Amino acid sequence: MVFRLVLVLGAGLLSGCAAGSTQTAAVPAAPAAPVGLEQPAAQPALRWPVRTVPHVDLWLHSFAMLSDDSSTVPLYRRGYRDSITVIKNQRNLLTALDGNRETLIKGLRRNGYLGAQFLPFGFANWEELRASAEQFLQLAGDVRRAPTREAAMRMQQFASVFGSATDREWLRLFLTGVQDEGARFFLPEHQRQLRERAATITAVDSLWQKVYRDKFERFLNNTSQRQGDMVLSLPIGGEGRTGPGYTGRTMVAVTYPARPADAVQVLLVFAHEATGALVGPVVSDNTTPAEQRSGVADKYVSSAQVQAGAMLLAKLAPELLAPYQRYYLAQSGQRVEGALAASFERSFSLPGIIRDALSRQIDIVLSGI
């Protein structure tokens, strides 16, 4: 299943990412531009800069530590939760997120809260997100009691996910856990890893801005994604997150490889995400009501998302098609058996009618119709 908020062509995306500010017990600021990649004041802002956003990573990290990640393409980087657990055990560290883990997991399994993954994308920093969440909880979820129109709009984001008193109690416990997790573990660890991966963000920026952004430009323009930010996220693997940020620019959260040599993985996940708007409507239009009720259509969406990225790369950057196929086979835990293309098709199979419709839709977008 694809866990993202989906856009319709010609409309805006539905969530995004932004920066924060540094305090002892809060999320530190995301730099205005990646470390070592600040733009001179005389130069115009990049249309699709490469960034990191700590408060988004903290939120996704916290969900990753609670989630049963059994999707074909995992929602988070493969092995992420286990690797973090090892680090925390080595440090004999237990946070409020760990202490309330069982209660939080029960609520997550019962209610899902899928849309909650996107909530930080609509806020500039952790302090803003936390303040809005706390106000939402203090007012018992009654958006009408918000003191200002802006506060009501921010509270509405939480109300769309946490509508009942039980949901709000889960959010209260989760918020406490995230705050403690960030202050005592994640934010210092996040800063350490960003320092270690500084060469990777430089390599990604160079590959994207100098080689591939122009190749993607027509597709991005024709899917209302002309302006945006490519956000490198430590918890993310092959299943990115896409939506508009608090400024209205498209935000695409993608994987953050450890090595500069793996910088191309960012472009593979970006292709997977950039085509997300097309998949839902195509699957819906080419499945029966019975398939939609039974959940078969949802299974098609996941494979169609992977296939759509491959179709786009075959047209825009064919040299990335084979790396894309290998990467998503690895993400799904599949081995290449025989020819790469055949293994890919077996692992992400689709009915011909859906596959053909998806290919036609990508052609329509690229032709500008």
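**Close-up views of a predicted model**

**View 1. Helices α1 and α7 cross at about 115°**. In this predicted model, α1 covers residues 54-64 and α7 covers residues 165-196, and their axes lie 9 Å apart. The crossing of the two helices is right-handed. On the α1 side, the contact is made by Pro54, Asp57, Leu58, Trp59, His61, Ser62 and Phe63. On the α7 side, the contact residues include Trp170, Leu171, Phe174, Leu175, Val178 and Glu181, as well as Phe185, Phe186 and His190. Sorted by class, the contact has eleven nonpolar residues, four polar ones and two charged ones.

**View 2. Four strands form an open sheet**. The strand order is β1-β2-β4-β3, and the pairing is mixed. At the edges are β1 (50-51) and β3 (241-244), each of which pairs on one side only. Strands β3 and β4 are antiparallel and are joined over four bridges. Arginine 241 has alanine 253 of β4 as its bridge partner. Helix α9 packs on the sheet and touches β2 (228-233), β3 and β4. The direction of α9 makes about 130° with that of β4.

**View 3. Helix α13 has buried residues that pack against a strand and other helices**. In α13 (residues 321-331), the buried residues are Tyr324, Gln325, Tyr327, Tyr328, Leu329 and Gln331. Their packing partners are β4 (250-255), α9 (264-274), α12 (296-316) and α14 (340-347). Just after α13 comes glycine 333, with a positive phi of about 75°.

How values were computed: Residues numbered from 1 in each chain as written. Predicted model: local features only at pLDDT ≥ 70, side-chain atom pairs only at ≥ 80, totals over all residues. Heavy atoms only, no water. Axes fitted to C-alpha atoms, helices over the stretch in contact; angles between N-to-C directions. Left-handed = near helix turned anticlockwise from the far one by under 90°. Contact = heavy atoms within 4.5 Å. Nonpolar A, V, L, I, M, F, W, Y, C, P; charged D, E, K, R; others polar. Buried < 20%, exposed > 50% of the residue type's maximum accessible area, 1.4 Å probe, protein only. Pairing = 2+ DSSP bridges.
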